[in-house]
Amino acid sequence: MDNLTHTFFGVALAQAGLQRRFGRGTTLALAVASNLPDIDSALMFLGGDAWLYRRTLTHSIVGLPVLAALAGAGFHRMCPHISWKSFFNLFLLGMGGHVFFDLLNSYGVVLLFPLSWRRFELSWVFIMDPVFWALLILPAFAALFRIKATFKIWRAALVGLAFYVSFCATGRVLARQVFQQALRRQGIQPDFVYIFPEALGPHRFRGVAREGGQFHLGLVRWMWGRVEWAGRFPSEEGAPAVRAARGTDFGRKLDWFFKAPVWRTAPGSPEEAEVFDLRFQSVVIKWRKSPFQFRFKAPKSDDQKG
């Protein structure tokens, strides 16, 4: 999820009762904890393929306790009236909430790193959701205007958030059923089916099915029991340029990272290949260029190298 959501979730945890229990410093600690796993965003500045290692160590069951211990020690020095153990638990709570929210979208979290490179994801909620913002930010306005019983409003917001996440999870299950029924009606016998969350609400999801060397993409309106087909994407995995691209170190890493990769010969350049992931190919948002789309240039010949 986005950092605005993470921050206000930490604030909500504090204002719903933990601030009253532990005292000054609790809200700041939980706000920091709810963002701390994203320190691995610094990898983006390293360039190259470093971005592939986002949501690994600092989001894993191995890394979280280490971060909680270090951050807890630092905050205990600033706020000695709260024990290190309490800060440790607060940071585990805040960071655990962060990882859970990241699991809700389809980007994935390498939860068991370095024991396993598997990416886990629930794919219930789009990476940015206005309902999350509304539920978590509105109580802040109540506090701003000094409305009484503010902590009850924060608690109500957290309860509302739990119900909303449950609704999204149920929607995805039903969306998969609707999508599979639509595939059968079309006579499609897929070897891969996945349901991705779509932007601007869980009343629709994005269905992806692969049959042989072709992906079928559809917008699943599960509440109405229908699918709006959005296109077919042939994956030219047998093309020479594609085989060469997939054989590179970066190509193999993309095959690990991508969920529904479409490999194809680059338009207008049969000696080059390109790839994008239908996980990020929103039907609702019209991208000028697909996010995470990469092009592999043709290797230079001996004459060109000379």
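Trainee: Which residue takes a positive phi in the hairpin of strand 3 and strand 4?
Mentor: That is Gly225, with a phi near 65°, and this hairpin has 4 residues between the strands. Strands here are DSSP runs (E, at least two residues) and helices are runs of H or I with at least four residues, both numbered from the N terminus.

Trainee: What kind of model is this, and what should I know about the numbering?
Mentor: This is a predicted model, where local features need pLDDT of at least 70, side-chain atom pairs count only at pLDDT 80 or more, and totals for chains, interfaces and linings use all residues. Residues are numbered from 1 along each chain as its sequence is written, and side-chain values use heavy atoms, with hydrogens and water left out.

Trainee: What pLDDT does the protein average?
Mentor: The average is 92, and 95% of the residues score at least 70. The pLDDT is the predictor's confidence in each residue, from 0 to 100. Over residues 301-306, though, the value is below 50. Where pLDDT is low, the predicted coordinates should not be read in detail.

Trainee: Back to the strands: how many bridges join strand 3 to strand 4?
Mentor: There are 8, and the two strands run antiparallel. Gly218 has Trp229 in strand 4 as its bridge partner. Pairing needs at least two bridges found by DSSP between the strands.

Trainee: And which way do strand 2 and strand 3 pair?
Mentor: Strand 2 (residues 205-211) pairs with strand 3 in the antiparallel sense, over 7 bridges. Phe205 stands opposite Val220 in strand 3.

Trainee: How many residues of strand 3 are buried?
Mentor: In strand 3 (residues 214-221), 7 of the 8 residues are buried. Buried means under 20% relative accessible area, exposed over 50%, and partly exposed in between (1.4 Å probe, protein chains only).

Trainee: New topic: which residues have the most contacts inside the largest nonpolar core?
Mentor: Phe9, Phe87, Phe91, Met95, Phe101 and Phe132 do, in a core of 39 residues. Such a core is a set of buried Ala, Val, Leu, Ile, Met, Phe, Trp, Tyr and Cys residues joined through side-chain atoms within 4.5 Å.

Trainee: What is Phe91 in contact with?
Mentor: Leaving aside neighbours within four places in sequence, its contacts include Ala29, Val32, Leu36 and Phe75. Contact means heavy atoms within 4.5 Å.

Trainee: Why does Arg54 count as buried?
Mentor: Because its relative accessibility is 13%. Arg54 lies in the loop between helix 2 and helix 3. Beyond its neighbours within four places in sequence, Arg54 is in contact with residues including Asp38, Asp40, Tyr107 and Arg119.
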